[in-house]
Amino acid sequence: MQELATKPQTKLACIATLFRVMHENDMRYCHLKGNPQHLALAFSGESDVDVLFDPGQKTKLETILSHLGFKKFHAIRPKRLRDVA
């Protein structure tokens, strides 16, 4: 993951910045669908980015996301998943 976040390639600045800031803040996470092809699509904005975070760092993550300009929204009740923020 670190290599993809720093290796020159076509990528969305907001995604690259998110991963850089997560590393700078010692966030514990893992990327789902972690094959290199999917990561390249995610970094280019052609696919979604699925990331699992340590629940103990939820407040820290929300602060980082807010600071970077990400917007929080809630799924409609029938589509909500437990523990998905």
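Buried means under 20% relative accessible area, exposed means over 50%, and partly exposed is in between (1.4 Å probe, protein chains only). In soluble globular proteins, nonpolar side chains tend to be buried together.

A quick note on what you're looking at: this is a predicted model, where local features need pLDDT of at least 70, side-chain atom pairs count only at pLDDT 80 or more, and totals for chains, interfaces and linings use all residues. Residues are numbered from 1 along each chain as its sequence is written, and side-chain values use heavy atoms, with hydrogens and water left out.

**Zoom out.** Colour by secondary structure and you'll find four helices and two strands. From the N terminus on, they run α-α-β-α-β-α. Helices (H or I, at least four residues) and strands (E, at least two) are DSSP runs, numbered from the N terminus. Of the 85 residues in the protein, 20% are buried.

**Select H2.** Its end C-alpha atoms are 16 Å apart, which agrees with the 16 Å that twelve residues should span at 1.5 Å a residue. That expected span is 1.5 Å times one less than the number of residues. Which residues of H2 are buried? Highlight Ile15, Ala16, Leu18, Phe19, Val21 and Met22. An α-helix has 3.6 residues a turn, so residues three or four places apart point the same way.

**Pick Ala16.** You'll find Ala16 in H2, which covers residues 13-24. Ala16 counts as buried because its relative accessibility is 14%.

**Hop to Met22.** Leaving aside its neighbours within four places in sequence, Met22 is in contact (heavy atoms within 4.5 Å) with Met27, Tyr29 and Phe53.

**Show the rings.** There are two aromatic pairs in the structure. Rings of Phe, Tyr and Trp (its six-membered ring) pair if their centres lie within 6.5 Å; planes under 30 degrees apart count as stacked, over 60 as edge-to-face and the rest as tilted. Tyr29 and Phe53 have ring centres 6.2 Å apart and planes at 40°, so this pair is tilted. Tyr29 lies in strand S1 (residues 29-31) and Phe53 in strand S2 (residues 51-53), so the pair ties together parts that are 24 residues apart in sequence. Is Phe53 buried or partly exposed? Phe53 counts as partly exposed, because its relative accessibility is 26%.

**Next, Asp26.** Look in the loop between H2 and S1. Asp26 isn't a glycine, yet its phi is positive, about 50°. Most residues other than glycine have a negative phi. At 58% relative accessibility, Asp26 counts as exposed.

**Last stop: the cysteines.** Select Cys14, which counts as partly exposed at 40% relative accessibility. Cys30 also counts as partly exposed, at 40%. How many disulfides are there in the whole structure? A search finds zero, where a disulfide would be a pair of cysteine sulfur atoms within 2.5 Å.
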